[in-house]
Amino acid sequence: SVVNASHVTLQVEKTIGDFTDSSADHNLTVNADAANVLAGDHILVGSLSLKNGSLVQAGKDIVISGAADSNLSGQGMVDAGQTLTLKSAYNGVEDDDLLLTGKKLDAKAAINSTKGTLAIVTDELITGGDTTLVDDTLVADNVELGGALNASGESLVVVQNFGSFAPDGGF
């Protein structure tokens, strides 16, 4: 299934995608071109493509479950009210200019942003692999890395706590 939103605001009261099994891979593709795609609760997609400063926002969780080379790309902002989950690695491409925000960003694999521009702003970042940033931004209160953090070029990394932390905010 495909949702194409171009130069519009698409607002859904509850959920975009099938949330009956949140652990399943989702085959929905959302393409936003100069558009706002807003869900009151959840967004569950296989791939998400943003163009021309689009906004994809959910009041609760966003889950992107597609393969690493087709899960997330474009220009715009992905904003989860609670958790943004990337089930596969993120591999940036030259034209990417993305801002990822949410209380928690749970990247099950690597974040590889050697091409394009990526900004991550979150209370809690958890990764399942290496995080590679080139001329990118990472701002997080707590970071739990599944591999190395490699930041180069003009990257800005502002982190309050690296390593183990209590999920309830206690230290």
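Start with the whole protein chain and its contacts (heavy atoms within 4.5 Å). Among contacts between residues at least 6 apart in sequence, 20% join residues at least 24 apart. The model is predicted, so local features need pLDDT of at least 70 and side-chain atom pairs pLDDT 80 or more, while totals for chains, interfaces and linings use all residues. Residues are numbered from 1 along each chain as its sequence is written, and side-chain values use heavy atoms, without hydrogens and water.

Keep the whole chain selected and colour by secondary structure. The protein chain has zero helices and 16 strands; helices (H or I, at least four residues) and strands (E, at least two) are DSSP runs numbered from the N terminus. The C-alpha trace spans about 40 × 35 × 25 Å along its principal axes.

Next, colour by burial. Of the 171 residues, 43% are buried, that is, under 20% relative accessible area with a 1.4 Å probe, protein chains only.

Move to residues 111–113, strand 11, and residues 131–134, strand 13. Strand 11 and strand 13 pair in the parallel sense over three bridges. Finally, select I111: which residue of strand 13 stands opposite? The residue opposite I111 is T131.

Conventions. Buried < 20%, exposed > 50% of the residue type's maximum accessible area, 1.4 Å probe, protein only. Pairing = 2+ DSSP bridges.
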